[in-house]
Amino acid sequence: MAMPHPITSEEAQTLALKALAFLASEPERLEPFLAATGLGPATLRSAAQEPGFLLGVLDHLCASDSLLLEFAGNLSLKPEMVAQAREVLAGPPEAYEP
C-alpha cells in the first residue's frame, strides 16, 4: 500500500463528487441529504456547481459514521481520507469570508 500523501484540491473534489454519486444512488441516502440542504432533485445539479456544495456533501457524509464507513468501504478508502478531503475543500480558516 502506498504511503499516504497530502490530498490535492482536485482529488478532494473528485472524492466529493464520488460521495455525491454514492448518496444519489440510494433514495434512503439521498433524501436525508436533500432535507438537510433544502435542495430538491431538480436543484441538485445546479447546486453542485456552487463552490461550497462539495464541502457540504462531505460534511453530510462525515456527520454519519455508518454512511462514512459504507462510502469509504465501497471505495476501499480509509475514512480519514474523506475527512482529509473535507479539510482541503474547507480551506484554511483564515480564508473564510462570510
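1. In helix H4, the buried residues are Phe53, Leu54, Leu55, Val57, Leu58, His60 and Leu61, where buried stands for under 20% relative accessible area, exposed for over 50%, and partly exposed for what lies in between, with a 1.4 Å probe and protein chains only. Because 7 of the 10 residues of this helix (residues 53–62) are buried, H4 is largely enclosed by the rest of the structure. The helices named here are DSSP runs (H or I, at least four residues; strands are runs of E, at least two), numbered from the N terminus. The buried residues of H4 pack against helix H1 (9–24), helix H2 (27–37), helix H3 (41–47), helix H5 (65–74) and helix H6 (79–90).

2. A word on the basis of these remarks: this is a predicted model, in which local features need pLDDT of at least 70 and side-chain atom pairs count only at pLDDT 80 or more, whereas totals for chains, interfaces and linings use all residues. Residues are numbered from 1 along each chain as its sequence is written, and side-chain values use heavy atoms, with hydrogens and water left out. The mean pLDDT of the protein (the predictor's confidence in each residue, from 0 to 100) is 88, and 91% of its residues reach 70 or more. Where pLDDT is low, the predicted coordinates should not be read in detail.

3. A search of the whole structure finds 2 aromatic pairs; rings of Phe, Tyr and Trp (its six-membered ring) pair if their centres lie within 6.5 Å, and planes under 30 degrees apart count as stacked, over 60 as edge-to-face and the rest as tilted. Phe22 and Phe71 form a tilted pair, with 5.3 Å from centre to centre and 55 degrees between the planes. This pair links distant parts of the chain, since Phe22 belongs to helix H1 and Phe71 to helix H5, 49 residues apart. Both Phe22 and Phe71 are buried.

4. The other pair, Phe33 with Phe53, is edge-to-face, at 5.9 Å centre to centre and 75 degrees between the planes. Phe33 lies in helix H2 and Phe53 in helix H4, so the pair ties together parts that are 20 residues apart in sequence. Phe33 counts as buried because its relative accessibility is 1%, and Phe53 counts as buried because its value is 9%. Leaving aside neighbours within four places in sequence, Phe33 is in contact (heavy atoms within 4.5 Å) with Leu20, Leu23, Leu44, Phe53, Gly56, Val57 and His60. With the neighbours within four places again left aside, the contacts of Phe53 are Leu20, Phe33, Leu39, Leu44, Ala47 and Ala48.

5. Arg29, which lies in helix H2, deserves a separate look. At 11% relative accessibility, Arg29 counts as buried. The charged end of Arg29 sits over the ring of Phe22, 3.8 Å from its centre; the criterion is that NZ of Lys or CZ of Arg is within 6 Å of the ring centre and within 35 degrees of the ring normal. The Arg29 side chain also reaches the backbone oxygen of Phe22 at 3.0 Å and makes a polar contact with the side chain of Ser25 at 2.8 Å. A polar contact is a pair of N or O atoms within 3.5 Å; within protein, one must be able to donate a hydrogen and the other to accept it, and residues adjacent in sequence count only if both atoms are side-chain atoms. Not counting residues up to four places away in sequence, Arg29 touches Phe22, Leu23, His60, Leu67 and Glu70.

6. Two further residues may be checked in the model. Gly56, found in helix H4, counts as partly exposed because its relative accessibility is 27%. Ser76 lies in the loop between H5 and H6 and counts as exposed at 65% relative accessibility. Phi of Ser76 is near 55 degrees, a positive value in a residue other than glycine. Most residues other than glycine have a negative phi.
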